[in-house]
Amino acid sequence: RPVLDVRDLTKVYGEGETAVRALDGVSLRADRGDYVAVMGPSGSGKSTLLNILGCLDAPTSGTYLLDGVDVGRLGDSQLALVRNRLIGFVFQAFNLIPRTSAVANVELPLTYCGMRAAERRRRAMFALDVVGLANRADHEPNRLSGGQQQRVAIARALVTEPALLLADEPTGNLDSHATEEVLSVFDDLHAVGRTIVLITHEADVGARADRLIRLLDGRIVADVRQHRLGRHA
Ligand code: ADP
Ligand code: ADP
């Protein structure tokens, strides 16, 4: 079954004369292992779509199945569980906790899983290893470069083994060197079959995904497979 199965989503903000149709009949399916970039001009509906995919906001109409779960039928506590277990979020601003070691940051999503401390630590170290930062486990965020901080944030997103990695402008705060550092982590995750959806303004970032979706005025106007465009050999 698909990881993402979105049908005919609409999102209307406000009502009457001033209503804004931020999404207008968006349907989208992504299978396990897909690496999808969503691009579109400002106001095209990217954040609205991301918020719905992340179960942070509800659509006005349409259905959303995440890993087979009909999100629209869930109550708040179940939605919180879905966000914690099925989705790994990566943000533009990293959102790491200051004065807290990298490994403790990565462990955080496991805190409410009823898991023993030693097991949390083991999993967090594994996730840090995946992003190539096991040797920085005891570093606090302010001792890490921007690219390293974002890699820690990616490890935190992965530590629960989510069905979907959802990234909102993950390279928006990074210079080109750090951007490459982060994109090569996404390449590695894609290579091991992770499902990734990322939103970006940057064409060269979008080009690295294996599928590029373009939004315009709340509609999908293009959805193309890219054959390892721009991916380093
Ligand atoms: P993007 O992320 O592509 O810039 P958004 O999803 O933020 O697009 O916005 C899509 C449309 O919805 C825009 O016209 C925006 O002004 C409008 N919009 C977004 N959020 C709200 C809101 N909370 N209330 C009213 N209009 C909104
Ligand atoms: P409000 O409009 O009151 O700010 P939201 O739009 O954020 O609230 O969400 C309202 C409720 O819709 C949430 O508390 C939750 O129960 C539910 N919800 C959240 N995300 C989704 C979704 N993707 N699909 C269906 N229902 C959702």
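Helices (H or I, at least four residues) and strands (E, at least two) are runs assigned by DSSP and numbered from the N terminus. The structure shown above is a predicted model, in which local features need pLDDT of at least 70 and side-chain atom pairs count only at pLDDT 80 or more, while totals for chains, interfaces and linings use all residues. Residues are numbered from 1 along each chain as its sequence is written, chains are lettered from A and ligands numbered from 1 in the order in which they are written, and side-chain values use heavy atoms, with hydrogens and water left out.

The confidence of the prediction comes first. The pLDDT, which is the predictor's confidence in each residue on a scale from 0 to 100, averages 95 for the protein, and 97% of the residues score at least 70. Over residues 229-233, however, pLDDT stays under 50. For this stretch the model has 13 contacts beyond four places in sequence, a contact being heavy atoms within 4.5 Å. The model scores ipTM 0.72 and pTM 0.88.

We turn next to a sheet. Strands of a sheet pair through backbone hydrogen bonds, either parallel or antiparallel. Here, four strands form an open sheet in the order E2-E1-E4-E5, with antiparallel pairing; two strands count as paired if DSSP finds at least two bridges between them. Strand E2 (20-30) and strand E5 (69-70) are the edge strands, each pairing on one side only. Strand E1 (residues 4-13) and E2 are joined in the antiparallel sense over eight bridges. Helix H1 (residues 46-53) packs on this sheet and touches E1, E2 and strand E4 (61-66). The direction of H1 makes about 125° with that of E1; axes are lines fitted to C-alpha atoms, for helices over the stretch in contact, and angles run from 0 to 180 degrees between N-to-C directions.

Side chains of opposite charge can pair when their charged atoms come close. The structure holds 19 salt bridges, each defined as a side-chain nitrogen of Lys or Arg within 4 Å of a carboxyl oxygen of Asp or Glu. One of them joins Arg219 and Asp24 at 2.8 Å, N to O. This pair links distant parts of the chain, since Arg219 is in strand E10 and Asp24 in strand E2, 195 residues apart.

A second salt bridge is formed by Asp67 and Arg32, whose closest N and O atoms are 3.1 Å apart. Asp67 lies in the loop between E4 and E5 and Arg32 in the loop between E2 and strand E3 (35-39), so the pair ties together parts that are 35 residues apart in sequence.

Asp34 is buried because its relative accessible area is 8%, whereas Arg225, at 49%, is partly exposed. Buried means under 20% relative accessible area, exposed over 50%, and partly exposed in between (1.4 Å probe, protein chains only). Salt bridges that share partners join Asp34, Arg211, Asp223 and Arg225 into one network.

Finally, Arg194 is found in the loop between helix H6 (176-191) and strand E8 (196-199). Arg194 counts as buried because its relative accessibility is 18%. Beyond its neighbours within four places in sequence, the contacts of Arg194 include Asp34 and Pro162.
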